[in-house]
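Hi,

Here is the structure I promised to pass on. Have a look at it first, and then read on for what I found in it.

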Amino acid sequence: MSPIFYQILHVSSLIVLLGYTFYAFAAPAETRKKVLMITGVASLLMLVSGIGLLHKLQLGFPGWAMAKLVAWLGLSALAGVAFKRRAQANVLMMVGFVLAIGAVTMAYLKPF
Ligand code: HEM
């Protein structure tokens with residue numbers, strides 16, 4: 001599989017993960033199972049494509065990838081939390097933005 005395949009998969013799953021994670025803050029309770037299933041699959045695809053990219057681009061496992069892994073962990077947990085803590089939606093959405101933007105910044109700047 002070529003790096004471009006992993007890149008498209010990585011960014012596509014990011015779009016789905018972010019879309020459904022933010023939807024979770026306003027989604028009806030009965031959609032919880034479906035939303036968590038979709039974010040779960042998207043999150044897994046993000047990880048697989050991210051690891052695939054590290055391998056294909058022969059990057060090893062640098063510090064910025066570790067930081068992205070931490071951001072990925074937080075973002076992956078967010079949809080589940082979103083259904084339970086509606087009262088904290090504003091703060092949690094801000095956390096989501098910080099994690100996602102932080103991970104994007106790591107990919108482009110690779111500061112460490
Ligand atoms: C919150 C989670 C994440 C976000 C928002 C994110 C976002 C992105 C974005 C926007 C790119 C640039 C795509 C491109 O230029 O082709 C990228 C590239 C990449 N990501 Fe992620 N990513 C996340 C998680 C991960 C994880 C968990 C890993 C692996 C442990 C990973 C590894 C990579 C690698 C290796 C690249 C390629 C860097 C390069 O082209 O030099 N990412 N990521």
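Lys110 sits in the segment after H4. Please keep in mind here and below that this is a predicted model. The phi of Lys110 is near 45 degrees, which is a positive value in a residue other than glycine. Most residues other than glycine have a negative phi. With 12 C-beta neighbours inside 10 Å, and 12 or fewer being the cut-off for exposed, Lys110 counts as exposed.

Gln58 has a positive phi too, near 50 degrees, and again this is a residue other than glycine. You will find Gln58 in the loop between H2 and H3, after the end of H2. Is Gln58 buried or exposed? Gln58 counts as exposed, because it has 6 C-beta neighbours inside 10 Å.

H2 covers residues 32-56 and H3 covers residues 63-84. Their axes are 9 Å apart, and the helices pack at an angle of about 175 degrees. An angle over 145 degrees counts as roughly antiparallel, so that is how H2 and H3 run relative to each other. On the H2 side, the residues that meet H3 are Arg32, Val35, Leu36, Thr39, Ser43, Met46, Leu47, Gly50 and Leu54. Their partners in H3 are Ala65, Lys68, Trp72, Ser76, Ala79, Gly80 and Phe83. Sorted by class, this contact of H2 with H3 has nine nonpolar, five polar and two charged residues.

H2 itself has 25 residues. From its first C-alpha to its last, H2 reaches 35 Å, close to the 36 Å expected at 1.5 Å a residue. Which residues of H2 are buried? They are Thr39, Ala42, Ser43, Met46, Ser49 and Gly50. These buried residues pack against H3 and also against helix H1 (3-23).

Next, the core. The largest nonpolar core has 16 residues, and Leu17, Leu75 and Ala103 touch the most other members. H1, H2, H3 and helix H4 (89-109) each supply at least two residues of this core. H3 gives the most, with six residues. Leu75 is worth a click: leaving aside its neighbours within four places in sequence, Leu75 is in contact with Leu17, Thr21, Gly96, Leu99 and Ala100.

Last, have a look at Phe25, in the loop between H1 and H2. Not counting residues up to four places away in sequence, Phe25 touches Ala82, Ala89 and Met93. The C-alpha atoms of Phe25 and Leu78 are separated by 9.4 Å, although these residues are 53 residues apart along the chain. Asn90, which is found in helix H4, is 65 residues apart from Phe25 along the chain, and their C-alpha atoms are separated by 9.1 Å. Asn90 counts as exposed, because it has 9 C-beta neighbours inside 10 Å.

Happy to go through any of this with you.

Best wishes

Technical notes: Residues are numbered from 1 along each chain as its sequence is written. This is a predicted model: local features need pLDDT of at least 70, side-chain atom pairs count only at pLDDT 80 or more; totals for chains, interfaces and linings use all residues. Axes are lines fitted to C-alpha atoms, for helices over the stretch in contact, and angles run from 0 to 180 degrees between N-to-C directions. Helices (H or I, at least four residues) and strands (E, at least two) are DSSP runs, numbered from the N terminus. Angles under 35 degrees count as roughly parallel, over 145 as roughly antiparallel, 65 to 115 as roughly perpendicular and the rest as oblique. Two residues are in contact if their C-beta atoms, placed from the backbone, lie within 7 Å. Ala, Val, Leu, Ile, Met, Phe, Trp, Tyr, Cys and Pro count as nonpolar, Asp, Glu, Lys and Arg as charged, and the others, Gly among them, as polar. The expected span of a helix is 1.5 Å times one less than its number of residues. A residue is buried if 20 or more other C-beta atoms lie within 10 Å of its own, exposed if 12 or fewer, and partly exposed in between; C-beta atoms are placed from the backbone. A nonpolar core is a set of buried Ala, Val, Leu, Ile, Met, Phe, Trp, Tyr and Cys residues joined through C-beta atoms within 7 Å.
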